[in-house]
Amino acid sequence: MPRPFIAGNWKMNKTIGEALEFAGALARRFPPPQQREIVIAAPYTALHALGRALRDTAIGLSAQNIHWEEQGAYTGEISARMLLETGCRYVIVGHSERRRYFSEKNKEINWKVRAALKAGLRPILCVGETLEERADKKTFGVVRRQLKEGLNNLGPGDIRHAIVAYEPVWAIGTGKTASPAQAQEVHRFIRQLTAEFFGKDVAADMPIIYGGSVNPGNIRDLMAEPDINGVLAGGASLDVDTFAEIILS
Ligand code: PGA
């Protein structure tokens, strides 16, 4: 069983000063060692300062995106090596907002996952269906494809460091959470697929986390499901008291 994994995705929120204030308060509340893996995914601009502030604390640092090349003429992009240098150890890949607003496809998401793993960053690969796809009973097909293509060309050794986040698009930022049973059903499916692709042992150890309107009121029931190993909270991770409540639930 993987250790519970609680991550906050700040998206395009928080200046460097705001990020440092939050991180300081969080690190004081949760000194090492912690039973749970606690991670914050901050905007690029705050990563360097946060990397220093969070060194030797129980709080891990994640980026929200990465480019697949190591360096070169890719204006506006950031590579794995640059992220590592800030103290970042995780990176969110394939978030539905990136798929939707920046037209990211499974193919380049896979390149990003591979670039992250090759450099020693742990990718948090996001998958999940839209409301329309759920209504059309396509949830399992969509998730299967996102996972198969997103994890293409990887071996069991690589996957050991990956995290999968199931984030139904209809539940993100909408206040509509998937019910624990709905989420568990897809999480179990993701674990079965991972076992099919990479073997049972790898699948049993892989953190599969849920995201989509997670808050202190619903986390306990979600975490009680056998295949839900943690959460990726967006809106509820912006306030340190609320996020702390989520961690403690
Ligand atoms: P939300 O976002 O918690 O605000 O729904 C979750 C996410 O997009 O990771």
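**Close-up 1. The ring cluster of Trp-10, Phe-22 and Phe-243.** In this predicted model, ring pairs join Trp-10, Phe-22 and Phe-243 into a cluster. The structure holds seven aromatic pairs.

**Close-up 2. Helix α1 and the elements against its buried residues.** Helix α1 comprises residues 16-29, and its 14 residues reach 20 Å from the first C-alpha to the last, close to the 20 Å expected at 1.5 Å a residue. Phe-22, a member of the ring cluster with Trp-10 and Phe-243, is one of the buried residues of α1, which also include Ala-19, Ala-23, Ala-25, Leu-26 and Ala-27. The buried residues of α1 pack against β2 (37-41), α2 (44-53), β3 (59-63) and α12 (240-248).

**Close-up 3. Gly-60 in strand β3.** Gly-60 lies in strand β3, one of the elements against which the buried residues of α1 pack. With a relative accessible area of 16%, Gly-60 is buried, because buried means under 20%. The C-alpha atoms of Gly-60 and Val-39 are separated by 4.4 Å, although the two residues are 21 residues apart along the chain. Not counting residues up to four places away in sequence, Gly-60 touches Ile-38, Val-39, Ile-40 and Tyr-90.

Close-up 4. A pair of aromatic rings is described by the distance of the centres and the angle of the planes. Phe-140 and Phe-189 form an edge-to-face pair, with 4.8 Å from centre to centre and 75° between the planes. This pair links distant parts of the chain, as Phe-140 belongs to helix α7 (residues 139-150) and Phe-189 to helix α9 (residues 180-198), 49 residues apart. Phe-140 counts as partly exposed, at 33% relative accessibility, whereas Phe-189 counts as buried, at 16%. The rings of Phe-197 and Phe-198 have their centres 6.1 Å apart and their planes at 90°, so this pair is edge-to-face, given that planes over 60 degrees apart count as such. In this second pair, Phe-197 is partly exposed at 25% relative accessibility, while Phe-198 is buried at 10%.

**Close-up 5. Helix α7 and its buried side.** The twelve residues of α7 should span 16 Å at 1.5 Å a residue, and the end C-alpha atoms of α7 are 16 Å apart, which agrees. Thr-139, Val-142, Val-143, Gln-146, Leu-147 and Gly-150 are buried in α7. These residues cover an arc of only 125° around the axis, so they are on the same side of α7. Among the elements that cover the buried residues of α7 are α4 (96-101), α5 (106-119), β5 (122-127), α6 (131-135), β6 (163-166) and α9.

**Close-up 6. Ile-190 and the nonpolar cores.** The largest nonpolar core has 65 residues, and those with the most contacts inside this core are Leu-26, Ile-40, Leu-50, Ile-190 and Tyr-210. Leaving aside neighbours within four places in sequence, Ile-190 is in contact with Val-127, Val-143, Leu-147, Val-164, Tyr-166, Met-206 and Ile-208. A second, separate core of twelve residues includes Phe-5, Ala-7, Ile-124 and Cys-126.

**Close-up 7. Ser-96 in helix α4.** Ser-96 lies in helix α4, an element that helps to cover the buried residues of α7. Ser-96 counts as buried, at 14% relative accessibility. Not counting residues up to four places away in sequence, Ser-96 touches Val-169 and Ile-172.

**Close-up 8. Val-214 in the loop between β7 and α11.** Val-214 lies in the loop between β7 (208-211) and α11 (219-223), and at 5% relative accessibility this loop residue counts as buried. Leaving aside neighbours within four places in sequence, Val-214 is in contact with Ile-219, Leu-222, Val-231, Leu-232, Ala-233, Ala-236 and Ile-246. The C-alpha atoms of Val-214 and Trp-170 are separated by 13 Å, and these two residues are 44 residues apart along the chain.

Methods
Residues numbered from 1 in each chain as written. Predicted model: local features only at pLDDT ≥ 70, side-chain atom pairs only at ≥ 80, totals over all residues. Heavy atoms only, no water. Phe/Tyr/Trp six-rings, centres within 6.5 Å; stacked < 30°, edge-to-face > 60°. Helix = DSSP H or I, 4+ residues; strand = E, 2+ residues; numbered from the N terminus. Buried < 20%, exposed > 50% of the residue type's maximum accessible area, 1.4 Å probe, protein only. Expected span 1.5 Å × (residues − 1). Arc of directions from axis to C-beta. Contact = heavy atoms within 4.5 Å. Core = buried A, V, L, I, M, F, W, Y, C linked by side-chain atoms within 4.5 Å.
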